[in-house]
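Biologist: I would like to learn how to read a protein model. Can we go through it feature by feature?

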Amino acid sequence: MENKVLKSVILSLFSLIFITDAKAQFIKAELQASGLTCSMCSFATQKQLKTLDFIDSIGTDLDHTTFMLYFKKGKEVSLDMIKKRVEDAGFSVASLKVTYHFDNIKIENNYHYEYQKNLYHFMDVKPQTLNGNVLLKLIDKGFVTDKEYRKFLKQATPCYQTGKMPDVNRVYHVTLL
């Protein structure tokens, strides 16, 4: 009898973990590219971004050189691939803000959140609980201007400079907006 109860409890906990992970995901991103001077530049960048299999659709704002990227549900999102596609088009990322759905995650400054084998290191944040869709800004080199990167570098831990830590694919540094 105890064995059946134990199995039932383990199965229930596993289901809860699976359900929580299934709810957690990237929803969309706002990408501002630098160096775009005309509609052809924007078209070239959009064409590169469309090759990413996790992007469902793309909206553009030519006045602000901004792209709204909407992600496919259940697909793994690669923020580095977004950056690479912009660079492949001949431009750079001035800002990348992502909307992520959280489910009751308590954070504080230097908190690490793991998702899809990547670590998201929260910087310059106050202790709080994230619930629902939350806008995060990537603050790593290549995702912000050099001036903004240097600002965060002053308060950074060693993983900020390298973007690497053992046992994860990548460390992304984020702040809340």
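Modeller: Begin with burial. A residue is buried under 20% relative accessible area, exposed over 50% and partly exposed in between, with a 1.4 Å probe and protein chains only. This is a predicted model: local features need pLDDT of at least 70, side-chain atom pairs count only at pLDDT 80 or more, and totals for chains, interfaces and linings use all residues. Residues are numbered from 1 along each chain as its sequence is written, and side-chain values use heavy atoms, with hydrogens and water left out.

Biologist: Is tyrosine 115 buried or exposed?

Modeller: Tyrosine 115 counts as buried, because its relative accessibility is 7%. Phenylalanine 26 is buried too, at 3%. Over the chain of 177 residues, 40% are buried.

Biologist: How many helices and strands are there in the chain?

Modeller: Both are DSSP runs, numbered from the N terminus: helices are H or I with at least four residues, strands are E with at least two. This chain has five helices and eight strands. Their order along the sequence is α-β-α-β-β-α-β-β-β-β-α-α-β.

Biologist: How do I describe two aromatic rings?

Modeller: A pair of aromatic rings is described by the distance of the centres and the angle of the planes. Rings of Phe, Tyr and Trp (its six-membered ring) pair if their centres lie within 6.5 Å; planes under 30 degrees apart are stacked, over 60 edge-to-face, and the rest tilted. The whole structure holds 13 aromatic pairs. Take phenylalanine 26 and tyrosine 115: their planes meet at 75° with the centres 5.7 Å apart, so this pair is edge-to-face. Phenylalanine 26 is in strand β1 (residues 25-34) and tyrosine 115 in strand β5 (residues 112-115), so the pair links parts of the chain 89 residues apart.

Biologist: Which aromatic pair does tyrosine 120 form with tyrosine 172, stacked or edge-to-face?

Modeller: Stacked, with 15° between the planes and 5.4 Å from centre to centre. Tyrosine 120 sits in strand β6 (residues 118-122) and tyrosine 172 in strand β8 (residues 170-176), so the pair ties together parts 52 residues apart in sequence. Both tyrosine 120 and tyrosine 172 are buried. Both also belong to one aromatic cluster, whose members include Phe26, Tyr115 and Phe143.

Biologist: What lies over the face of phenylalanine 143?

Modeller: Here the rule concerns charges: NZ of Lys or CZ of Arg must be within 6 Å of the ring centre and within 35 degrees of the ring normal. Lysine 83 lies over phenylalanine 143, at 6.0 Å from the ring centre.

Biologist: Now the strands. What does β6 pair with?

Modeller: Two strands pair if DSSP finds at least two bridges between them. β6 pairs with β5 in the antiparallel sense, over four bridges. Tyrosine 113 stands opposite tyrosine 120 there. β6 also runs parallel to β8, with five bridges joining them. In that pairing, histidine 121 faces histidine 173.

Biologist: Why is β6 described as largely enclosed?

Modeller: Because five of its five residues are buried. Asn118, Tyr120 and Phe122 point one way from β6, while Leu119 and His121 point the other way.

Biologist: What does glutamine 116 touch?

Modeller: Contact means heavy atoms within 4.5 Å. Neighbours within four places in sequence aside, glutamine 116 is in contact with Lys75, Glu76, Val77 and Asn169. Polar contacts are pairs of N or O atoms within 3.5 Å; within protein, one must be able to donate a hydrogen and the other to accept it, and residues adjacent in sequence count only if both atoms are side-chain atoms. The side chain of glutamine 116 reaches the backbone nitrogen of valine 77 at 3.4 Å. Another polar contact, of 3.2 Å, joins the side chains of glutamine 116 and tyrosine 115.

Biologist: Last, how many disulfides are there?

Modeller: A disulfide is a covalent bond between the sulfur atoms of two cysteines. The cut-off is a pair of cysteine sulfur atoms within 2.5 Å. The count is zero. For cysteine 38, the nearest cysteine sulfur is that of cysteine 41, 3.4 Å away. Cysteine 38 is partly exposed at 38% relative accessibility, whereas cysteine 41 is buried at 13%.
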